[in-house]
Amino acid sequence: MTGRKTIRIRVPQVEPGMVLGNDVFSGAGTVLLTKATLLTDYTIAQLRAWQIEYVDVKDAKNEKNPAREGGRNYAREDAAFANMYAHSLDSIAELFEEMHHSDKVPVQEFLPIAEGILDQVLGVQGVLRRLHQVKTGDEYTFSHSLNVGIYAVLIGSWLNYGAEDLRMLATAGLLHDAGKVKVPAAIIKKAGPLSADEYQEIQRHPFYGYQLVANTPGMPKKIALAVLQHHEREDGTGYPLKLSSPTILSIAKIIAVADVFDAVTSNRCYQARRPPHVAASIIMEESFKSLDPVVAQSFLARIVPYLFNDDIRLNNGMTGRIIQLNRLSPTRPLVQTEQGFIDLNQMPELKIVDVV
Ligand SMILES: [Fe+2]
Ligand SMILES: [Fe+2]
């Protein structure tokens, strides 16, 4: 809908800061990088490694260049964020592999990842947009761990947490699902419904994660407890200990909201990703039941404006752009289509099925 043109260029001419105008496919037809990915040193090296000759990039000359508004170099900031994300993802994959064979968290290696998140998230505008640009369809557990760390630090900063607590949030977010390395891969990757035994085993991951973290010298006890409690719920409906509000740590409550949002908006082996509006709506519905209302509302207050301006597809096949959000009902915004305005609040039979 933006009308931004694309130009085809040879990969050796590609520069960091350019944005892909179309998906990049392998010879076998697999999507390697998706449209709108911001190209960085890292992704350009990947293109070379995959022996891609040409890519379509968005033509920066064709529109007002947001990269240098107000004297700030947004393209450079975008690239720094994307680099942090790609490198962190690589490290997390290696460290999770290491934890699979050991009983401890390689704490020294996790610290720089947590610091990288703090550097790129605090006091920086547009983190949600950037995260949306760089989110990959890679191995769910790794990207999910990183995304939860980023969302948790954002929420903590909105709740005025101090530096030490934010560092703890970053680390707890990165490690919240670390216990999954101790659950058999066949269960983690199972696409179909789980048996009762398999379900029980997967519900042990907070315990396994707690053991890993608690077993690591120098790791604050709070991080181990946040990992243990991230599936506990305010109303006692969570697991593994069925704790309720007063006994759940604040950082575990923050991780819970970050976890729900990222899980709903990511592709998982048993469920396709759903639009952020749906995730926002779920958090809204749960915010006085299973999720902490202060944490959930603080997250929604910041996330809802970000959902503005999204191009979406409806279940009747029409595409359009969200032009006004209904704060009480984020999944029912006012949408402009080529045929006119549609107020989803008045049209219960219509719903948003994708962000395009
Ligand atoms: Fe989990
Ligand atoms: Fe999770």
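Strand β5 (residues 311–314) and strand β6 (residues 319–324) run antiparallel and are joined by 3 bridges. Strands here are DSSP E runs of at least two residues, helices are H or I runs of at least four, and both are numbered from the N terminus. Two strands pair if DSSP finds at least two bridges between them. I312 has G320 of β6 as its bridge partner.

The open sheet holds 5 strands in the order β8-β7-β6-β5-β9, with antiparallel pairing. β8 (340–343) and β9 (352–355) are the edge strands; each has a single partner, so one side of each lacks a neighbour in the sheet. From one strand to the next, the twist averages 40°. Such angles run from 0 to 180 degrees between N-to-C directions, with axes as lines fitted to C-alpha atoms, for helices over the stretch in contact.

## Model and numbering

The model is predicted: local features need pLDDT of at least 70, side-chain atom pairs count only at pLDDT 80 or more, and totals for chains, interfaces and linings use all residues. Residues are numbered from 1 along each chain as its sequence is written, while chains are lettered from A and ligands numbered from 1 in the order in which they are written.

## Domains

The chain is assigned domain 1 (1–63), domain 2 (67–273) and domain 3 (311–355). These bounds come from an automatic or database domain assignment. The centres of domain 1 and domain 2, over C-alpha atoms, are 29 Å apart.

In the contact between them, 9 residues of domain 1 meet 9 residues of domain 2. Contact means C-beta atoms, placed from the backbone, within 7 Å. The domain 1 side comprises 4 nonpolar, 4 polar and 1 charged. Ala, Val, Leu, Ile, Met, Phe, Trp, Tyr, Cys and Pro count as nonpolar, Asp, Glu, Lys and Arg as charged, and the others, Gly among them, as polar.

## Nonpolar cores

The largest nonpolar core has 76 residues. A core is a set of buried Ala, Val, Leu, Ile, Met, Phe, Trp, Tyr and Cys residues joined through C-beta atoms within 7 Å. Buried means 20 or more other C-beta atoms within 10 Å of a residue's own, exposed means 12 or fewer, and partly exposed lies in between; C-beta atoms are placed from the backbone. Helix α2 (residues 74–101) gives the most to this core, with 10 residues. Domain 1 and domain 2 both contribute, so the core lies between them.

V257 is among the residues with the most contacts inside the core. Leaving out residues up to four places away in sequence, V257 touches I155, I283, L291, V295, A296 and F299. A second, separate core of 6 residues includes I322, L325, V335 and I352.

## Around α10 and α11

Helix α10 (residues 221–229) buries I223, A224, A226, V227, L228 and Q229. Their cover includes α6 (163–175), α9 (205–214) and α11. K253 lies in α11 (residues 250–265). K253 counts as buried because 24 C-beta neighbours lie inside 10 Å. K253 touches I248, D292 and V295, not counting residues up to four places away in sequence.

The loop between α10 and α11 contains P240. Y239 and P240 are joined by a cis peptide bond, with omega about 5°. K242 is in the loop between α10 and α11. Its phi is positive, near 55°.

## Strand β4

Strand β4 (residues 54–58) has V55 and V57 on its covered face and Y54, D56 and K58 on the uncovered one. Strand β1 (residues 6–10) runs antiparallel to β4, joined by 5 bridges. I9 has V55 as its bridge partner.

Definitions and conventions. Two residues are in contact if their C-beta atoms, placed from the backbone, lie within 7 Å.
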